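Have the model open as you go through them.

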Amino acid sequence: MSELADALIARVQALESRLAHLEALEYVAQADLLDGLHAATSGLDAHVLATGASGQARVDGAFLQTENCIRDVFYKAVTDGAATAVFTVTTYSGSETKTGFWAIRFHALAVSNRGGGANVSARALSGQFAHVNSTSGSPWTTAVSKTTETASASSWSSGRDITSIEVTTEHTSDSVTTVKFTVTVSGSIGDDAPAVLVNVELLWRDYVAAPVLAAA
């Protein structure tokens with residue numbers, strides 16, 4: 001009887017140990033899913049979804065909504081009145097057919113005196129444009145169509161104000177399209193110091209590989 005009891009006790013202890021191990025594995029799996037504490041930080045299995053300080057969802061880097069929709073956000077200090085490269089789109093350039101199609105929709109915020117101060121201003125612009133590559137890779141891009149543009153919000157328009165935002169594209173090569181922003185600031189009171197923050201959505205089809213959005 002004693003031997004049977006000892007065997008039962010040993011079996012129960014083994015089951016308890018196994019249960020504790022499984023619970024620990026479940027906790028790690030939940031951590032991987034929810035907060036990335038045990039997830040890879042690079043490579044194809046990298047964990048990019050995390051939570052911010054207030055518990056909000058956060059995506060670091062480009063966001064792939066579906067295979068054919070890529071989103072990203074770019075910020076850059078620009079030169080007053082000069083076309084400044086803010087981001088690029090790079091398409092497939094290998095030995096296979098290079099044909100494909102993409103379109104961009106953007107929402108931009110331009111500011112002056114980006115460091116802050118008494119004389120600050122801001123202006124918003126939304127727009128879109130389309131692009132194709134032929135089989136050989138030759139690129140064509142439409143002019144940028146402005147969808148909406150706000151007036152400038154300025155703390156002192158006679159001192160400093162954003163008079164315009166213009167967006168242009170340039171074919172740096174057959175596979176690279178550079179998108180440039182020109183922010184023009186008027187007045188002479190305070191620092192002009194313009195900058196652009198732009199949210200970009202790229203839709204694409206039929207390239208051998210997905211286009212790449214990147215900061216310029």
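Predicted model: local features only at pLDDT ≥ 70, side-chain atom pairs only at ≥ 80, totals over all residues.

1. Tyr 75 sits in strand S4, residues 69-77. Strands here are DSSP runs of E with at least two residues, numbered from the N terminus.

2. Residues are numbered from 1 along each chain as its sequence is written, and side-chain values use heavy atoms, with hydrogens and water left out.

3. Now the sheet. Four strands make an open sheet, ordered S11-S12-S5-S14, with antiparallel pairing. S11 (161-171) and S14 (212-215) are the edge strands with a single partner each, so one side of each has no neighbour in the sheet. From one strand to the next, the twist averages 20° (axes are lines fitted to C-alpha atoms, and angles run from 0 to 180 degrees between N-to-C directions).

4. Inside that sheet, look at S5 (residues 84-90) and S12 (residues 176-186): they run antiparallel and are joined by six bridges. For pairing, DSSP has to find at least two bridges between two strands.

5. How many salt bridges does a search of the whole structure find? The count is seven, taking a salt bridge as a side-chain nitrogen of Lys or Arg within 4 Å of a carboxyl oxygen of Asp or Glu. One of them pairs Glu 149 with Arg 123, at 2.9 Å from N to O. Glu 149 is in S9 (residues 145-149) and Arg 123 in S7 (residues 121-133), so this contact ties together parts 26 residues apart in sequence. Arg 123 is buried at 15% relative accessibility, while Glu 149 is partly exposed at 31%; buried means under 20%, exposed over 50%, and partly exposed in between.

6. Lys 146 and Glu 166 form another salt bridge, with their closest N and O atoms 3.1 Å apart. Lys 146 belongs to S9 and Glu 166 to S11, which puts the partners 20 residues apart. Lys 146 is partly exposed at 35%, and Glu 166 is partly exposed at 37%.

7. Lys 180 and Glu 170 meet in a salt bridge too, at 2.5 Å from N to O. Lys 180 is in S12 and Glu 170 in S11, so the pair ties together parts ten residues apart in sequence. Glu 170 is partly exposed, at 35%. Salt bridges that share partners also join Arg 123, Lys 146, Glu 149 and Glu 166 into one network.

8. Last, Asn 133 in S7. Is Asn 133 buried or exposed? Buried, at 4% relative accessibility. The side chain of Asn 133 makes a polar contact of 2.6 Å with the side chain of Tyr 207, and a polar atom of the Asn 133 side chain lies 3.0 Å from the backbone oxygen of Asp 174. Polar contacts are N or O pairs within 3.5 Å; within protein, one atom must be able to donate a hydrogen and the other to accept it, and residues adjacent in sequence count only if both atoms are side-chain atoms.

Conventions: Buried < 20%, exposed > 50% of the residue type's maximum accessible area, 1.4 Å probe, protein only.
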